[in-house]
Structures are given as C-alpha cells and as structure tokens.
Amino acid sequence: MNWILEPWPWYIGGPAIAIFMLSLLIIGKQFGMSSNLRSLCSIGGGGKVADFFNFDWKAQRWNLTIMIGAAIGGFIAANYLSDNTVQINESLLPQLQEYGINSVGEAYLPTEIFALENLNLKNILILLGGGLLVGFGARYAGGCTSGHGISGLSNLQLPSLIAIVGFFIGGLVMVHLFYPLIF
Amino acid sequence: MKTILYLFLGTIFGIIMYKSEAASWFRIYEMFNFASFHMYGIMGSAVAIGMIGVQFLKKKNYKAIDGSELSLQPKEKGISRYLLGGIIFGLGWGLAGACPGPMYTLAGVGYISILIVIAGAILGTFLYGLLRKKLPH
C-alpha cells in the first residue's frame, strides 16, 4: 500500500484542480480562496472601520465551508495518505544549507522555519510578514493563485494574467534578492 | 445538505493541495528557482484543462445546476492594482511559501506556526480595507 503514500505527480494534481474548479462552476460558484480572508475580517467586525468589509459575508458561507473542508483534507492527507516528506531538485540543497535549512527530504515544510520548537522572533516575523503580504496583495490584486491563476486565466481574463506576472516578479525578487538578506 | 457538499469538495481540495505538494514551502522555493517542472506542470495543466472546460461551458451556454448563470464575473480592467497587488502577493508567497488555499490545509495538518501566517493574511486583508481608497487601482 506504499503507493498510496506517494506524492501526486503534476499531471494528477493539475487536472484535479481543474476538475475541482469546474465542479464549483457547475454548482454556481467561483473558485477563489482569498475571498475568505475578507469574510473573516467582516465577521470580526471590520465593517465598523472600513466600508470594504461592509458586505453580505453570509453569501460567502459556502466558501468558508470549503475553507474548513480544505483543513480537513489536510488532516486526512497528512495522517493517512502521505509520508509527509517532500523531495526537491538536489541542486538546490547547497543554497538551502547556506540559509540554514537542512530538512529537505525529511519534512513537508522546513522545520527550521515552521517547527514549533524553532519559533523565535525571526521566524515569527517571517511568518507574520509573509502572511501580511499575501493577504494585502491578494485583496489589492483582487485574487490569488486560485482566483486569478486558475479561475481568471481559465476565463481568459487579461487582468489575471497581469496579476500572475506580478506574483512571479514578487516571488523571484523575494527568493533571489531578499532571501540572502533574510536567511 | 449543501453544506455537506461544500465540506466534501473542500476536503477533496485540501487533499489535492497536500498530495500534489503545492502546499509545500519547498516546492514553492523550487518553483522560484526554476529547478523543477512540477509546479509549472500543476498550474499549466490546471489552466489548460480549466480553459477548455470554461470555454466549452460558455459556448454551449450552460447554466449552473440551480439554473443561475455560471459564476464567471469578468475582472475589472486596469493594470496598476493587478501588477502592484500581484507583486506584493508574490513577495509574501515567496517568503511564507503558502498561498490562501494551502494555508488552511496546513492548519488542518496541525502546523501551529501556519496560524501566524493566517493571522498575518487576515491582518494584511484588513490593512488593505483601511488603505484601499488611498491606493492606485
């Protein structure tokens, strides 16, 4: 039964995402995960300080339910369907070691950043800062990897293509210019 | 009943994110180093099949199951918000190695530290709501 723990190759994962997006479309919904962050702000009372959060978040309950499902899926996959390690191109190992990351091939996320016992001020700032940029950028751009990357591009939206170019500029700048300064 | 359907679909989505390793920081790092086809293959094949599916549904004028129009809102025209917002998003994606779908998946796996990323993302969304009128769109 080892095969069940193997990671999926891209030609399983990619089409599965497309089928998921199309299933949502057929039941009348649009795939986009970052909208949930706006709903959460609204539920938390954000509407009192910014109009942007004065909207009918209850109409978004379906998406919040998907979000909870995504967490359940993670629990099931990690506990029953995976050995929880990720192999990447070995040519990247020396660079990662220089950054102090040695958990390649032994963990799903780098333990040096994500393990609870390594949670120091620097890691908290990395995680909080990364999340902050993701949340701010996703709403500013009006979507994330799902809303623009999958839904938008599938619907041939030029703004989504511009956003994705932005995603990659940002990611490349972070990994190639800022990583040597941060790690 | 519908809630169960959404919960089921969400669970499938979470499994896809985890099993395809799109939720792994390592894969995102590898992608931004152009060191593997994996992430490009995932996104490329998802978009290729998605495009064919969406164009087919549109051409045939299919409606959603409940009879409503397909939920395919066109994005507003513009450049700056998409480019600037996109770059900011990309910086965060590169740093935290997680985007807004996989975040929840990783929380379900039990990574306590991802809750800091989620808190940051909620805070970032909130800040955007506060500053929205001052930003070029």
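Predicted model: local features only at pLDDT ≥ 70, side-chain atom pairs only at ≥ 80, totals over all residues.
The axes of two packed helices are lines fitted to C-alpha atoms over the stretch in contact, and the angle between them runs from 0 to 180 degrees between N-to-C directions.

**A pair of helices across the chains**

Helix α8 (residues 158–182) of chain A packs on helix α4 (residues 80–96) of chain B at an angle of about 40°, and their axes lie 6 Å apart. The handedness of the α8(A) and α4(B) crossing is right-handed.

A residue of α8(A) gives a closer look: A163(A) lies in this helix. Is A163(A) buried or exposed? It counts as buried because it has 34 C-beta neighbours inside 10 Å, where 20 or more are needed. Setting aside neighbours within four places in sequence, A163(A) is in contact with A141(A), G143(A) and H148(A), and also with Y82(B), G85(B) and G86(B). Between A163(A) and G149(A) there are 8.3 Å from C-alpha to C-alpha, with a separation of 14 residues in sequence.

**Where the chains meet**

How many residues of chain B are in contact with chain A? There are 102 of them, touching 105 residues of chain A. On the chain B side, α1, α2, α3, α4, α5 and α6 (114–131) each supply at least two residues. The largest share of that side comes from α4(B), with 16 residues.

**Chain A as a whole**

Of the 183 residues of chain A, 50% count as buried. Among the contacts in chain A with a separation of 6 or more, 44% join residues 24 or more positions apart.

| Helix | Residues | Number of residues | First to last C-alpha | Expected span |
|---|---|---|---|---|
| α3(A) | 61–80 | 20 residues | 28 Å | 28 Å |
| α3(B) | 38–59 | 22 residues | 31 Å | 32 Å |

In α3(A), the buried residues include N63(A), T65(A), I66(A), M67(A) and I72(A), along with G69(A), G73(A) and G74(A). What do the buried residues of α3(A) pack against? They meet α2 (35–43) of chain A, and from chain B α1 (2–19) and α5 (102–109).

In α3(B), the buried set is H38(B), M39(B), I42(B), M43(B), A46(B), V47(B), I49(B), G50(B) and V54(B). These buried residues pack against α1 (10–26) and α7 (145–154) of chain A, together with α2 (25–32) of chain B. Just after α3(B), N61(B) takes a positive phi of about 60°.

An unreviewed UniProt entry lists residues 38–57, 78–96 and 108–131 of chain B under "transmembrane region". In the model, residues 38–57 of chain B are 100% helix and 0% strand, with the end C-alpha atoms 28 Å apart. Over residues 78–96 of chain B, the chain is 89% helix and 0% strand, and the end C-alpha atoms are 28 Å apart.

Definitions and conventions:
Residues numbered from 1 in each chain as written. Chains lettered and ligands numbered in written order. Helix = DSSP H or I, 4+ residues; strand = E, 2+ residues; numbered from the N terminus. Expected span 1.5 Å × (residues − 1). Buried ≥ 20, exposed ≤ 12 C-beta atoms within 10 Å, placed from the backbone. Contact = placed C-beta atoms within 7 Å. UniProt positions renumbered as here; feature names shortened; annotations may be inferred. Left-handed = near helix turned anticlockwise from the far one by under 90°.
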